[in-house]
Structures are given as C-alpha cells and as structure tokens.
Amino acid sequence: MIYLLLLEVSDVRFSQIINIKQILMKKNAFFAASLLMGLAAQAQTVDDPVLMHVNGSPVTRSEFEYSFNKNNADGVLDKKDVADYVQLFVDFKMKVEAAKDAGYDTLTAIRRELNGYREEMVLPTLVDSGYIERVARETYDNTAKRFDGQDLLTASHILIMMRQNATPEQQTTAKARIDSIYQALLAGADFAELAQKYSDDKGSARQGGKLPQFGKGMMVPKFEAAAYALQAGEMSKPVESDYGWHIIKMHERHPFESYEYHHDKIIQFLEQRGVKEASANALVDSLAKQEGVERNVIINRYYDELMSKDLDSKYLAQEYYDGTLMYEISKNEVWEPAAKDEVGMTQYFMENRSKYTWDEPHYRGIVIHAKDKKVLKLAQKLTKGVPEADWAKTIVTALNNDSVKVVRVEQLGVFSQGDNKAIDMLVFKSKKDYKPMKDYPITGVVGKKLKQPETYMDVRGQLATDYQQMREKQWVEGLRKRYTYDVNEAVLNTVNKH
C-alpha cells in the first residue's frame, strides 16, 4: 500500500482553506457550558408562540426551550428550574440589547467575527464530493507518474555512516565495519539483530532496519539502484552512498496498485489536509465569479437557507451572535473596569471584612534562594524601605547580571501552610524535609506572618470575583430599569410540555 505521507497533491488551492473551529461560543461561559452536548434537530412548527419580549424584541417558546434544555442537560451541575432560568435569560437578553444600543454590532472587529462564524456554519454544508474525487484522482495520477511503472519496495538496511569529507582513516574504519557485518550476515547472523545493534540509522534500527515502503525517486540514487537490483529475499553486498555504507535486504516488491485499491486511503489523506473545506471554498468562489458578486453574498444566501431549514442551526447562530455581543459589552462595562478598580476593591474589602477570614495564619512575602549567606543577607537588606510589590525586582536587578546569577527570588504571594515548602520550614516550622534549590543552597524569606487578611490584596482572588459579581449585579439592575420585558405565563407553563 502507498506510504501515504509521500503522496503528492498538486494544483489544489489549499491556501484558501479556513480552519473550521468547533461551533462553540467559548467566550460566553454561561451559555457555552454545555454546547458540546448538542440537541436532536427540532422540526419548525406553526405552533411556536412568543414567550416573552425583551425591549420589544420577541423570543419564541422554541428559542427559549433550546437554550433552557441545552443549559440544563444531563451533566450540568448548576441546573435551574424554568422560573429561575427565565430571569437569567432575560438578563442575558438585556445585555445583548445594551450592546446593540451601544453599537457593538457595527464594530468592524465584531462584524468580521460574526461574518467568519457564518462561513463556519455554511461551508460544511457545501462540501463538493465531485471536487474531492477529482483531487483524489489527480493525487493518484501524480504519484503513479512519479513511480513511472516501477515496483514499490519494502526493504531493511544497515547503515555505517561516513561523512563525505571523511579522512582516509575514517573511510578505512567505516569500510572495515560494514565488511565485518556483511561477513557475519553471510555466516547466518540475524539481520534485524545486527541492525538494532550496529546501524547508524537509529530510526530504522529500532525496527530491525526496516524502512517505510518506497519507490522511484524517493531514495538517494546509489541506494535506489542497488535496491531495485534485488529480488524479494535477496541481500546486497555493501553499497556506498552519500551517507556511508549500506547493506540492503529486500523483503517485498510489487506493482503500483490501482486507483480503486488506494481510493479510501487517498480520501482519508486528503481530508486530513482539508480537502472538504477546499471544495466548499472552491464552490463559493466559483459561484461568486459566475454571478459577479462578492464572496459574502454567496455565503449569506446559503446561510439564510440554512437558517430557514434547520432550527438548531438557527438558534445556535443566534446564540453565537448574542453571546459575542454580551461578551464584549460585559468585558468593557464590568469585567475589565472591576479588575482595575483598586479603590473600589479596597472599599469593598473594608465593608465586607467579616467575609474574608482565615482559620489559620498565613504568610505574605517572598522566598529568596541565594548562592551563600552573604548574598542572602544583602538581598534581605535591599528590601528595606521598598514597596512589597517591588522586592523581587529590586533584589534581582541589584545582585544579578547577564553573566553571574547569585540569587533567585519567588514572586510576592500570600501562603498558607502547605503552599510552599521553604515557607513551611522557615515560617511555620514544619519538620518536613526541605531540599534547597540546585546552585542556590541558602534559602531565606522576607515578609510578614498574618493572623487575618490586612488588605484586599491578601485575599485578592476571591475578593476580585465577589467584587466583579457585585458590579455586574448593579449593572443588571440598571438595565432592568432601562429596558422593559414581559413574559407570557400561559406560554411559559407549556415549556417542554407541548
């Protein structure tokens, strides 16, 4: 069978291929949590009443059911009942409305992403089997032409490497080695065992000298000529090539098989190279050229057809659109501002100090790994009068240079017992064995032991999350005052019951 990695693919515009991403709304953690689950395709029915309006925009029962069922499928940890999910869904839609009002859907970057997503949905539906067959046949014909009717060979070899600029002594040594191996083989030694032990081609040596199947033009000329001179079961005398000396053992030779014989493997090979996407792109480009329109016109036409026929695709596309807008506005209105609001987090910590307590002491500081005790003392001294956040940089800048590294410093952190072995030993007096860092045998710390958090920085991870959630809650409360919504309770009661 053809060694597929050697197949040639010519005149195929694979540069047009776009990488089809998994259809997941990765940005939106809330609505993307269970997209991989998927849903069975739902048939569009005439009986699909409007369940709610958000800022005047209607939401049908089927759209709500799609989202609710997906995010409450088996395996989802935080499942909601329908009533609770309504509130989450309304909040989500209000964020989308706020994004549209702010013009996020008109931003170039957002439009580019959404248009790209349309292509991702459409292209898999436009795969051209005829195009793929033509490329497969062309691939086979090009490969067969290159082999020029010659047999395909399966062989093993033993290589004693010799550089082209080898000295006379090195040449004599290499020839003596290959002759010795050859004589051993003539005396009945096992070829595979000698290949494993002596061959300088370590890749094939691990396989007893066996090479991948090859044909005309795939090996250096002298090696190829010697190989084609052998019949199955025969072994060559030592053969010199550009790489050194070889002994070749022929296992099998047979004619190049038919297209039908190789068809499935060629198709598999081409699919790994993206031929399906290439076929869809070729079709879109061909239609655009025939009609004299831009590529996106063709994409949009097929997209609209897909949306009208496939309810799952329609709501998945709507979810991606909404999720993209929700992500961008949430990032700009809440997440990034909250993460940068040092004053706000400080105030939040002071107002909610009772929420952030420890059962055991912690240590806020750095760990210093030094070449000797003198370096450690100097490093510790350098921290005097310097803000904690600058300790590590100050020490490293002052004591290390490009050629000499006398100290390594672990960044400032807040540690509980068990977080850091050096701090466990030096601060919490743990009796567990501590092994100093290689090349830095002296270890010390600079910092402060705390019974309870002193500032929000001591509990920044949890506090930042809480503060962001508080800011988001305030933002949503503002949106609920800004936008109206209504829910048809009669329709709500029929969710998943019709």
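In what order do the 3 strands of the open sheet stand? The order is β3-β5-β4, and the pairing is antiparallel.

## Ground rules

This is a predicted model: local features need pLDDT of at least 70, side-chain atom pairs count only at pLDDT 80 or more, and totals for chains, interfaces and linings use all residues. Residues are numbered from 1 along each chain as its sequence is written, and side-chain values use heavy atoms, leaving out hydrogens and water.

Helices (H or I, at least four residues) and strands (E, at least two) are DSSP runs, numbered from the N terminus. Two strands pair if DSSP finds at least two bridges between them.

## The open sheet

β3 (152-161) and β4 (239-241) stand at the edges. Each has a single partner strand, so one side of each is left without a neighbour in the sheet. Neighbouring strands here are turned by 45° against each other on average, direction ignored. Axes are lines fitted to C-alpha atoms, for helices over the stretch in contact; angles run from 0 to 180 degrees between N-to-C directions.

β4 is joined to β5 (residues 244-254) by 3 bridges, and the two run antiparallel. Opposite V239 stands H246 in β5.

## Helices on the sheet

Helix α6 (residues 168-186) packs on the sheet and touches β3 and β5. Contact means heavy atoms within 4.5 Å. The direction of α6 makes about 40° with that of β5. Helix α9 (residues 221-228) lies across β3, β4 and β5. α9 runs at about 45° to β5.

## The hairpin

Strands β1 (residues 50-54) and β2 (residues 57-60) run antiparallel, joined by 4 bridges. V50 has T60 in β2 as its bridge partner. The hairpin has 2 residues between the strands. There, N55 takes a positive phi near 55°.
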